[in-house]
Amino acid sequence: MKTDTSSAASLAYLRNRVFKNTIADLWKNGRLRLFVALFCCMVFWVGMFGLFLGGFEFVETFKLTDEIYEYLFGLFFLTLFVMLGVSTGIIIYAGLFHGREASWLMTQPPREDRIFAHKFVESIGFAGWGVLLLGSPVLVAYGISVKAGLAYYLTIVPLLIAFVGLPGGLGASVAILIGYIVPRRPKTILAVVSCILIILIGRFTWNLVRTPGDALTPDWMDNLLGRLAFTRHPLLPSRWMAQAVVGLSHNRIGNGLFYFLVIASNAAMAYLVATWVAFRLLREAFCRAQGERSSRKRRQTHGLDQLIHTVFSFLSRPVQLLIVKDARCFLRDPAQWSQFLIFFGLLAAYFMNIRKFSTNLESPVWRNLVSYLNLSVTALLLATFTSRFIFPMMSLEGRNAWMLNLLPVRRSQILWGKFAFSASLSLFASESLLMISDIQLRLEPILITVHAILMAVICLGLSAISVGLGARLPNYRESDPSKIAAGFGGTLNLVVSLLFLMITIGAVALPCHLYFVGIDTGGAGFQRISSTWTFDQFQRWLGVGVGISVFMGIVSVLVPIRMGLSALENQEF
Amino acid sequence: MKDTQLQPRQFGQPMIRFFDVTKQFGAKTAVNQLNLEVKAGELFAFLGPNGAGKTTSIKMICGLLRPTSGQVEIGGHPAGSQESRSCLAYVPDQPFLYDKLTGREFLHFVTQMRGMDKTHAEKKIAEMVGLFEIEGFLDELCEGYSQGMKQRLVFASALVHEPTVLVVDEPFVGLDPRSARIVKQMFVDQARRGVAVLMSIHLLSIAESLADRIGIIHQGKMIATGTLQELREKEAFGGSLEDLFLELTGGEDLINPSDKSPDAAEEEGLP
């Protein structure tokens, strides 16, 4: 039929025009955004490259066999495979069953498989970009460390692109099947899959850290490889990737190309199967998903409401009600609290069992190091949480500006309300985690107190940055919070949050580290400085560090909030 | 595939048909055994209170929802089939446009997707641009358009491929009086050319003045169909369409007694 070929060409025309217009618009109106985004990508790439080059060169000093590299890459690509499969599935599901574009295209002449192909290309474009950014520095660093030839570097990009298609095709098929079989329960399926994945990852990690033997001894290595043996299953695409990478890097071109073609042909097959599934089931699945209607009565949350009113009694009643509204929205979106709960839950489980994971915790320097690593992980998780969920809040609120403007509250109160909501939630979760970690590590009371102050500064600072920048760089056009978070404002928010964390944690962690290294070893170089520190001197330097962190905290609360307030007061809706 | 281009002699041929169509969402019945025909050259106004089942019915016409039982046909083809979509134009109440396309690029995209010959497409685009007066902003990105500009472009894109069935959901949302007049005239012209037009609308005065036939749906059931005159006669009602609508959909308490027919008023003991 003529419309079949013309619809494919028209959808290609559409993607082409949208891409060109987006770039042209960005060049014309958002050059700064473009350069900041490119700069961030470059910093990320160089950072990853440096980290992995150092790692591979270190590993090379042990003269490891190819087999061990295959284990490492097998694990790396297996992780990527699962992440890509799940993320492409989610993107395809959202795009096909909840997107306005798909809904419109379904009323137009293109066949269902053409519509699917259009959305698949889009999602693979996003995923491919991410994989290139993540995978290319790793593979380039590996190539340099093993002195790979030109053929290896020429094959990296096609290899990664071919690899993306395989989990993408599988994830897309599963997404359509979920729409077809359980259209009313996509979030339940996602939650179940997440739980299964987390249990598997947790179990796997547990097994790895419990590997018997002293670390880095031959026996330990044998045991470790035994526990990683599943990554070498011949039917796993991650194994094919590992074989292709190692083969090509060692000039076994034939072997490398063979696995490259195995991956490419399987990716093509996965795409073909997904297209067939779309051709047969997409419209029915779409109709079923559209028929989904949430008629579930929502549970009243009087207890929670009362708790919020009590905790925030120092704020005006309308602001308290806005916080109640935010809390209800948060709790009624499992995509938000489930991620929060899962990651913080995993950290809590790890912190509670921290003594079982390591035998080195009797050493003060290790204990101190692990305590700051735990604090940093919690803070990083908090930064992603505030960037993902708190930053978009003001943008989403802008859609209801007509209503908010009619409420008896000042705009500034709305902003402070968001800040209070974010800070209280963060403080409760992070301080609890940190206390578990510090108590399990049996830290001295003074350090526990310092950590508690530092975490409070971090919670307040991150909340203020996200709320303030959220108001300063809002995106009122977008209704999807994940897209708001992934945009320029969200990315900048994450970068600023990370810089803030580096300074605040670094200022306190450095004197602690110098002091404890001195106690432990009394060694040479900069450690000699610390070994001469008395406890009083340490306390003085720690005080300076805490002072810097608190100062940074105050700046990070006041500056973004002031920026946000000013933007919000002048905002015309 | 059947010929989707209507000849004048095909006026009166059923283009939209509902055969005993029921649509349920869980325990809720949104559309209940609906039977309906809209013929070529007919302008049919679909009325009903909020939640009566209008949008559900329209989505079944467009193939976005499947009936739980019964069948929907468009131009003799099952709704949702490629043939039915080829002859159908649908304008939703919230128009969809690509933010990063210009209006002109969007029209080109639609004509290309519809498999139109390039010369013919250019001619039709020029015709639509003139009809809906969109030349002034056609080369700007759609993200900057107002609701009315978007609505006019969406109408242009819906008609550019000369559909034989036009389905519109609340077509006058966001249109200024001039644009609304253009759209009203366009509906009449399309119907006179042999297009089957089904419009879901809440503005009863427009339905009264434009529609050849009116259907009133309430709680999923079609409770009345016919010309305005036929509805009045059937219900023995002398008032406006608005009063008739309220009478049929349970809003009798809002009707001015003087608007009721003398017989009905007498039955209720009114002076």
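These legends walk you through some close-up views of a predicted model. Residues are numbered from 1 along each chain as its sequence is written, chains are lettered from A and ligands numbered from 1 in the order in which they are written, and side-chain values use heavy atoms, with hydrogens and water left out. Because this is a predicted model, local features need pLDDT of at least 70 and side-chain atom pairs count only at pLDDT 80 or more, while totals for chains, interfaces and linings use all residues.

**View 1. The two domains of chain A.**
Start with domain 1 (2–290) and domain 2 (321–570) of chain A, whose bounds come from an automatic or database domain assignment. Their C-alpha centres lie 30 Å apart.

**View 2. Where domain 1 of chain A meets domain 2 of chain A.**
Nine residues on each side are in contact, meaning heavy atoms within 4.5 Å. About 890 Å² is buried between the two domains, 85% of it on carbon and sulfur atoms; buried area is the accessible area (1.4 Å probe) that two parts lose on being put together, summed over both. On the domain 1 side, look for R33(A), I198(A) and W206(A), which lose the most area to domain 2 and together make up 45% of what that side buries.

**View 3. What lines the domain 1 side.**
Between the domains there are zero salt bridges (a side-chain nitrogen of Lys or Arg within 4 Å of a carboxyl oxygen of Asp or Glu). Two helices, α2 (31–60) and α7 (186–209) of chain A, each supply at least two residues to the side of domain 1 that touches domain 2; helices here are DSSP runs (H or I, at least four residues), numbered from the N terminus. The largest share, five residues, comes from α7(A).

**View 4. Chain A against chain B.**
Here 37 residues from chain A and 34 residues from chain B take part in the contact. The area buried between the chains is about 3400 Å², and carbon and sulfur atoms give 56% of it.

**View 5. A salt bridge between the chains.**
Chain A and chain B share four salt bridges. One of them joins the side chains of E284(A) and R66(B), at 2.5 Å from N to O.
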